[in-house]
Every structure is written in structure tokens, then in C-alpha cells.
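Please consult the sequence and structure shown below.

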Amino acid sequence: MSRRENYAAAAALIAKSKRILISGHLSPDGDSLGSMVALARLLRNAGRDAYATADPNALGKPGFLEGVADLIPVRKLRRAKRFDLLIALDNSSFARMPPEVKAVAEKLPAICIDHHVTNDGTFGDVQIVDPTASSAGELVWRFAKWNEWPLDRAIAEALWVSLVTDTGRFAYDATKPGTLRAAGDLLKHGVRTALINDILFGSFSRKTIGLKRLAWRSLHIWKNRKVAEVSLSRDDFRAVRGNKADVEDVIEIPRSVAKNEIALFFYQIPDRTKETRCSIRTRGDWDATVLAAKFGGGGHRKAAGCTIKATMGSAKRQMRAAVKELLKSACRKTMRLPPVLG
């Protein structure tokens, strides 16, 4: 279907739904949380009964947004009133959502709004998916303009957080002319840009500083500075009583190494699961999704992630092997000789 047809199909599902549940992914980042908060407010202002859900203990800095207080904590979903529709933002499967969401929403009709290149378009009854969009927030803005829903400052600030966090303050390749058109429109509604910039990028809690100090100590550089990695164990998080929301930009530590092309951040959330998560950032021609896909993950060409069902040591060995294979594969291609003619 065309973009307009998808919008119309999504609008029709929304129109016939009495109560709507909106979910992002686990440990929501600025894009996930900002787009959820904005869409919930847009729908309520349009007369729909809509609620976003998340773990209030895992919101991090974007948790300052107006509308966060209206979130339904995931632990209370089972006791909430029945929903008629699920809108999934910034993800394309229940595997990336809080497990409490799946228990409540797996049999509901669903709309998927996502911008990840690894989204195969199979999740949900209607897909508003565009891998060229900078963020889920940009897609929510487009959908709001198509529906002629009015914006206010709270909505604009939530969408602004989506845009600036997923574009690196408009510095990443994902920033397109349409991204800046969306940003310009949001500014018309009184977005407090300096305040938001200071909250998100200019101040850090003691927990964040403590975790960054530990991450710096773990810095490992190899392949002539082409690859760099840092890690945080469960014990590290417990030592400062922190969580994933406190380390959203730790990946910038290995990425900041001069000549770095592949940056890795391994971390273990302080829970009972025996797994290690890995954030991946790349430069040049390297595709981060190639590495993430080997472990069932996904994302974008320059920013992806995955969960490795292994201890920290084993996960590092597996990912390092995948990186080495990727580098060797590229080397073999560049060394391939042309066929002899005649």
C-alpha cells in the first residue's frame, strides 16, 4: 500500500477503537518514549482513549517530558481496563517490548510505526514503516499532520526529544530535509530547546558519572584502533545502583576513539536473565545490522543492537568473532583479482 493508504487504514483502526494501548521497546530511549508520549496526547486530544505504557524506573533523562505521569506502568497492565488496539512504536515485534505488553496485547489488532531498516513489515495489521525516516517521532509527526491533529508545546517537545536523540542533534546521516521540516514545525509551538539540550546532553547524575568511569576503565581497542569496545557488568550497575537508562550515551566512549570504525558496548541489565546486550555503532561502509542480525538483533546501518544469550565473556568472544569475519570478508572482496580475458 502507498503511504496515504497506510495512513487511512491506521486512521480507520483508530476510529473504531474505544481504548488504545501504545508501547515502545524495552528500556525506552528518547525516540521511543518521546513518540509514545506525543502520540498518546495527540490521540487523547482527538477524543480517543489512549494510553502509553513503560517501566517508570527505566525512563532515564527523557522522563522529564510532560505526559510521562500519564503512563501506565507495565506491571499494572494486567489490572488495567481492556484495550481494543495496540500501537507499537519504534519496534517491530513483541520480542523487543516489555513482556507484560505481550500478555495483554498479543491478540489485539495492531499498528506498527517504525523506522528500522530491519523491519520486515510483517508485524501488525497496518504498517507505517519508513527506514529513511530519522526517527519514530518523525513518523508520528507526519501522521499527525496527515490527520490534521493540532500540536501543542507538550507534544512538540516530546517529538523534539525523539528527533534530537535519534539524529545526534541533527548530526547523523539519518537527518534528511524532511527531518528539518518536522523540526521547524515543532519549533513553532514553543519548544524549549536550550532547556531540553541541557537536560539530555549537558548534565549527568552521579550514577551516570560512576558508570561512565567504570566503562572508561574497560575500554579495549584492537585492529589498529578500527574496533573499540567497553562493557558494564551486572556488578557494575549494582555498585552504583544504576540501570540502562543511566548509560544511554556510553557507546560514544569507544566511538570517540580516533580512527574508530566499529564501536561496541556490552552490558548486562541487573536482572535474573543470563544474557548480554550489545550496542553497535559503525562508520564508513560497515553495516551495523550485519553484526546485530547474527544474534537476532537489528536496527540501522550505523546504529544497531542485539541480545546475546551468553555470559559477558562468551558474548564478547562471539561478537569479536563476528567482527573479525566481517573484516575478513571485506578484505577478501577488495583483494579479489579481475578475471583474465582472452
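Is lysine 223 buried, partly exposed or exposed? Lysine 223 counts as partly exposed, at 46% relative accessibility (buried is under 20% relative accessible area, exposed over 50%, partly exposed in between, with a 1.4 Å probe and protein chains only). The model is predicted: local features need pLDDT of at least 70 and side-chain atom pairs count only at pLDDT 80 or more, while totals for chains, interfaces and linings use all residues. Residues are numbered from 1 along each chain as its sequence is written, and side-chain values use heavy atoms, with hydrogens and water left out.

**Positive phi**

- Lysine 223 has a positive phi near 55° and sits in the loop between strand E7 (220–222) and strand E8 (227–232); helices (H or I, at least four residues) and strands (E, at least two) are DSSP runs, numbered from the N terminus.
- Phenylalanine 170, likewise not a glycine, has a positive phi of about 70°.
- Phenylalanine 170 lies in the loop between helix H5 (153–166) and helix H6 (177–187) and is partly exposed, with a relative accessible area of 24%.
- Most residues other than glycine have a negative phi.

**Sheet**

- Six strands form an open sheet with parallel pairing, in the order E3-E2-E1-E4-E5-E6; two strands pair if DSSP finds at least two bridges between them.
- Strand E3 (72–73) and strand E6 (126–129) are the edge strands, each pairing on one side only.
- Strand E1 (residues 19–23) pairs with strand E4 (residues 85–89) in the parallel sense over 4 bridges.
- Isoleucine 20 has leucine 85 in E4 as its bridge partner.
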